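Have the structure open and follow along.

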Amino acid sequence: MDVQYMHPSEQLVLVMNRIYENGMTTTSGGNLSIFDNEGNIWITPASVDKGSLRPRDICCIKPDGTPVTDNLHAPSIEWPIHAGIYKERPDIKALVHAHPPSLVAFSCARIVPKLRLIDYVYTSLGKVALAPYALPGSLELGAKIAASFAEGYNLVLMENHGGMVGAINISEAFRRFEMLETLATIQINANKLGAPRALRNIQKLTSPPLSSFIPSSATPAECAARRDMVKLAHRAYKKDILSAAMGNISFRLDENSFLITPKSKDRNHLTEDDIVLVRNMHAEEHKTPSFGVWLHKAIFDTHPDVNAIMSACPPHAMAFAITEAEFDTRTIPESYIYLRQVQRVAWERLLGDPQEIAKLISPVTPVLMLENSQILATGDTLIRAFDRVEVAEATARSIIATKSIGDITHISEHEVEEINTAFRLPR
């Protein structure tokens, strides 16, 4: 969804509704703002239900610091903090502040999440500052947070308070904020399994760019595939499998063509037109496919039976991807049947030939755990690939939960053999 022509008040309502619905703030918590090109600050109001905001509730503060008198409500008490940050950082045009549970946990422990746990998070976000505690709404707190932004930080964790993220627009600020909360959740889950493994020398993963082509009119099959991919992306977002910035879906149309999600597009607001057609490794004109396009192509080339791929960073399954903990699918029969043996892939291998990773896929290993990167699942249909990621996340969640109860007992080798025989599973 392109929000550049939406009124600032509408943008703020759209994002705050999303933050609230995603459990990243409470009825009374958090504040968002936009600095427009006339020098006005548009900001969420004080003491108004964040779950039912309307555009007319949003407050506007003029460049001289006076609020517009026809506003229904008073602006957030923290509006001076926002104003101070905008003064220090003219490149920042939007701010998100909220109290999501995992970031609050880190703020109470007074440590920042380890961004080096996931490659894409680190290369996308950079560094996180930790601002000392001060009274909410106070000049002291504003000065401490503004000082962190003045040092060049775009993400600030506030001791015993929450987080604040700045960006060029409100959509990007939200994506960064959500990504940081996702990382924090993954790290918390990983701590229940063992010591998280941070990457030392992260190289930004790159791939050769694709030249473009002008496609002819779409066939009914392509239109249906675009529709199904968009619906599945929205569903996966609601299930906390995809996030706004992380995760990809692809679908094979024929031996030379496939569809894939685009780079830098919010997964919850994807439309059919956003999906990128790739034909003979040329991308649809004026569109950029996601970074995973070369790996997805290698998998399609290597496995004619694979028609769909989904890669994602679900918060429980990824806890295994950043630790040495074993991910054993023999928890319940359904987990074993759909996932079989999940193959681990060292992060360093992602720097090599995609064909070598593609060869790891098989009927016995339909899911890859790309360490410190993502979970990748394949299927003959879109729903099968999605189901496998969903089952992987549910299985990981169950294993982590079991640790608070007692030792896990897996299905025995004899019982696994019974399942293999009864369901005619490949060996």
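## Methionine 310 and the cores

Let's start at methionine 310, which touches Leu232, Ala236, Ile241, Asn248, Ile249, Ile375, Leu376, Ala377, Ala385, Phe386 and Val389, leaving out residues up to four places away in sequence. Touching, or contact, means heavy atoms within 4.5 Å. Met310, along with Phe320 and Phe327, touches the most other members of the largest nonpolar core, which has 83 residues. Such a core is a set of buried Ala, Val, Leu, Ile, Met, Phe, Trp, Tyr and Cys residues joined through side-chain atoms within 4.5 Å. Helix α6 (residues 170-191) is the top contributor here, with ten residues. Apart from this core sits another, of 25 residues, including Leu210, Ala283, Val293 and Leu368.

A word on the basis: this is a predicted model, where local features need pLDDT of at least 70 and side-chain atom pairs count only at pLDDT 80 or more, while totals for chains, interfaces and linings use all residues. Residues are numbered from 1 along each chain as its sequence is written, and side-chain values use heavy atoms, with hydrogens and water left out.

## Arginine 226

Arginine 226 belongs to helix α7 (residues 220-238); helices are DSSP runs of H or I, at least four residues, and strands are E runs of at least two, numbered from the N terminus. Arginine 226 counts as buried because its relative accessible area is 8%, and the cut-offs are under 20% for buried, over 50% for exposed and partly exposed in between (1.4 Å probe, protein chains only).

What does the side chain of arginine 226 reach at 2.9 Å? The backbone oxygen of glutamate 272. Beyond four places in sequence, arginine 226 is in contact with Leu259, Glu272, Asp273, Ile275, Leu277, Glu284 and Lys287.

## Threonine 27

Threonine 27 is found in the loop between α1 (8-21) and β1 (31-35). With a relative accessible area of 36%, threonine 27 is partly exposed. Its side chain makes a 3.4 Å polar contact with that of tyrosine 20; a polar contact is a pair of N or O atoms within 3.5 Å, where within protein one must be able to donate a hydrogen and the other to accept it, and residues adjacent in sequence count only if both atoms are side-chain atoms.

Threonine 27 and lysine 50 are 23 residues apart in sequence, yet 4.8 Å apart in space, C-alpha to C-alpha. Outside four places in sequence, threonine 27 is in contact with Tyr20, Val48, Asp49 and Lys50.
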